[in-house]
Amino acid sequence: MCAMLSVNNLSISFGGLRAVDDFNIEIEKGELYGLIGPNGAGKTTVFNLLTGVYRPDEGRIFLEDRNITGLDTVEINKAGIARTFQNIRLFKDLSVLDNVKIGLHNIFTYPTISGILRLSSYFRIEKEMDERALELLKVFDLEKEKDSFAKNLPYGKQRKLEIARALATGPKLLLLDEPAAGMNPNETGELMDTIRFVRDEFDMTILLIEHDMKLVSGICEKLSVLNFGSVLSRGKTSEVLNDPEVIAAYLG
Amino acid sequence: MLNFLTYFVNGISLGSIYAIIALGYTMVYGIAKMLNFAHGDVIMIGSYIIYTSMVTWGLDPLLSIVIAAAGCTVLGIVTEKVAYKPLRGAASSLAVLITAIGVSYLLQNLALLIFTANPKSFSSVVSWDGISLAGGELKIQGVTIITIITSLIVLLALQTFIKKTKQGQAMVAVSEDKGAAALMGINVNKTISLTFAIGSGLAAIAGALLCSAYPNLTPYTGAMPGIKAFVAAVLGGIGSIPGAMIGGLLLGIIESLSKRYISTQLSDAIVFSILIIVLLVRPTGLLGKKVQEKV
Amino acid sequence: MKFTKQTKRDLYTCVMVILFYVVIQVLDKAGVLSFHIKGLLVPLCYYSIAAVALNLVVGILGDLSLGHAGFMCVGAFSASLFSVAVKESGMPAGLRFLTALIIGTLMAALFGFLIGIPVLRLNGDYLAIVTLAFGEIIKNFLAAVYLGYDEEGLHVAFKSFQLKGEGKMLINGAMGIQGTPTDSTFTISIVILLLALFAIQNLVNSRAGRAIMAIRDNRIAAEAVGINITKYKMLAFTVSAAIAGTAGVLFSHNTSTLTASSTYFGYNVSILILVYVVLGGIGNIRGSIIATAILYILPELLRGLNSYRMLIYSIVLIVIMLINWAPAAIAFRERYGIRAFIGRKRENSGKEVS
């Protein structure tokens, strides 16, 4: 039985700066894993490498037993990795429902021509998409806003919608980039429940980047600490947070 | 060979005119990030001002150019203030594009109303006959030489202005990042006005040279050179001053030679093909900077 | 069957077009319409079709194309070429025009596809200038080419030539194609407008349409949820070019002479259609048709004012843009609850909350 995600010796440089240096991680199925580190440590770059936005200079990425190194973003999503973004990226001029339905793009398919000519498969599949999308929206308590433009949602709900859309693509591994950024403590608490719920309900493996230590220590089972592009420490959350090196570099 | 040289030199001259227009275009585009479709029509207005002051009022050519440059500068500032500035920060960049098209229509129809559609011509602003080389076989017209020299002077003056003066540096700063420039205490509105003023003033000079070389002034004279100058600016790399110069010259030479050796009707098609080929190989033009979106 | 809000909205657009058709027919029967007005009806339809097609690229895909007159040109010439070539073959007029429509549409689609492959990698104003360039190349090429056949076969050249014996010039350089049968009627044009609406509205409200709009709203996020950017960009661009080509067929079969001049197929025409699209509301399909109708008829109504009419037109255009789009004007309108002229924003499946 191999891990959900295993990354070996991942490295990338931008113009001489080694943004990610010899990065390793192993995440088991169903784990809630945290990636922390000071600003500019390379956390988002790791996400961009995992999702094919950048091609690594060195190293290999395995999703279960499949080598996904060097695949492009679309193929990686199809292979089973979905993500959210630090600066929320929704389809802002589309409805909340449509945002999730776009996430379902590769799950429910019918030919373009049957959409144009409104053949029976169009009606059948669209109905299935609507049902599935509404289920997902219900999980995130967004079904009332299904017809609003995504851009008109309050901030916290936009974050939730982004997670819902990522889940719609049917991933095995979910990457969350600072899901609690800009939230008040109440919203963060709610978000922690949601993330736990997603893990249990969808049997999901989750890797998240976060600065909010309350969230990290509250829900993550394991942690990796990134500093200047390389892994400073990794292991069980309680152990990592007590690692003197980590305290020195990060918590300070 | 002499024949080739004649067309080559003509190409450089035509290219110099494109280059002067493209310099204005590239500056305005760099700072306002808008396809200013009315830029070509400013050339046309400048030419009509020269026509009026030279033919109707009988003024000296040089004085006429000064009047035209002043007139176009004012025109540039006013259109920017009235039509473009209110749309800064609009939800779609198409808004200001359409407004520029509206301004273009407005200027063309204003000219049509005042000067009618009948082509006007004025004797060249350059009275010098030019030089003969190779025992009179290769004749280079005065206006050709003056055009080339003028464009070189304009280029050098502009480069010096941008590199050496405070206002020039402010322009660079505003075109890189308006917000940051404003935080550094640069008056963004004033800088944009200045850019439009310079661009429009250059258009007047280009108009004078264009109508001296091709004496056939109608309300639509500016449109095509305007588009081609934009092509030149893109070809050279939008925002780059030397790029505009190189793009303009290249365009002029290719146009002149393909008119002579391939086909008059197809010369524009050839010019546009060159643009496409260059952009496919170098998506930001010959001297353009590469930008990447941050994820 | 229960209609969704969006389907209802789409149906209203079609009803609007049909109502317009009925009203015109009634007015015509009553003898109210002048010959001049009647002559504007077919052009109104083909510019509406072109505007709807361009809106697919500009409003739905979010890319700027200034080359759609070029696709109209391809559609017009390929269809006319066919019609002129088979005019004397005894083919029934109805079948001939139908075939011409299909040929024009497919040829424009082919050009859209071929041009789309290289240019859709470019963004924003670069794409705009390259599409403009392609449009101009197509126009210049067709204005320079000579095509004819005689007993020795088909001849193509860039300068005029003499045909031997029995033969016919098909494309005569700048003189273009002569003798296209004038098959475009108002009724057929309305039917094609409705078909174009059907195709585009259904496309927009399908899985593919959502993918296209996702690319418009956020390309990076669209890629991250597994949408093939190139495929859907190409789809939108090709369909749009095809429908612009259909508009071109109607154009070329409206008069017997077809020339590739700037007046009909220059970048100015692309820009004119873009003006319709933007004033009608970017992404608002119905708005494109309304704006085309108003803006196409407006200069004609101002005809009495003679030389002032285009001046007034241009001022109206600038003023509308400022009122509709200037942030200060929008803030002012919101404060006093005034609606914008014509549609300003797309009105797709979503209720406005703000």
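Start by colouring chain A by pLDDT: this is a predicted model, and chain A averages a pLDDT of 92. In chain A, 98% of the residues score at least 70. Select helix H10 (residues 244–251) of chain A, which has the lowest mean pLDDT among the elements of that chain, 76. Then select helix H3 (residues 96–103) of chain A, which has the highest, 97.

Keep the colouring and move to chain B. Its average pLDDT is 88, and 97% of its residues score at least 70. Strand E1 (residues 130–133) of chain B is where confidence is lowest, with a mean of 74. For the highest value in chain B, select helix H3 (residues 61–84), at 94.

**Chain A, whole chain**

Go back to chain A and switch to a cartoon. Chain A holds 10 helices and 10 strands. Its C-alpha atoms fill a box of roughly 60 × 40 × 40 Å along the principal axes. The radius of gyration of chain A is 19 Å; a compact globule of 252 residues would have one near 18 Å, so the two agree. Of the 252 residues in chain A, 46% are buried. Take the contacts in chain A between residues at least 6 apart in sequence: 65% of them join residues at least 24 apart.

Chain C has 14 helices and five strands. The C-alpha trace of chain C spans about 75 × 55 × 45 Å along its principal axes. For 354 residues, a compact globule would have a radius of gyration near 20 Å, and the 21 Å of chain C agrees with that. Buried residues account for 52% of the 354 residues in chain C. Among contacts in chain C between residues at least 6 apart in sequence, 76% link residues at least 24 apart.

**A helix pair in chain B**

The crossing of H2(B) past H4(B) is left-handed.

Show side chains to see which residues make the contact. From H2(B) they are B:Asp41, B:Met44, B:Ile45 and B:Tyr48. From H4(B) they are B:Ser104, B:Leu107, B:Gln108, B:Ala111 and B:Phe115.

Methods: Residues are numbered from 1 along each chain as its sequence is written. Chains are lettered from A and ligands numbered from 1 in the order in which they are written. This is a predicted model: local features need pLDDT of at least 70, side-chain atom pairs count only at pLDDT 80 or more; totals for chains, interfaces and linings use all residues. Helices (H or I, at least four residues) and strands (E, at least two) are DSSP runs, numbered from the N terminus. The radius of gyration is taken over C-alpha atoms; the globule rule is 2.2 Å times the number of residues to the power 0.38. A residue is buried if 20 or more other C-beta atoms lie within 10 Å of its own, exposed if 12 or fewer, and partly exposed in between; C-beta atoms are placed from the backbone. Two residues are in contact if their C-beta atoms, placed from the backbone, lie within 7 Å. pLDDT is the predictor's confidence in each residue, from 0 to 100. A crossing is left-handed if the near helix is turned anticlockwise from the far one by less than a right angle, and right-handed if clockwise.
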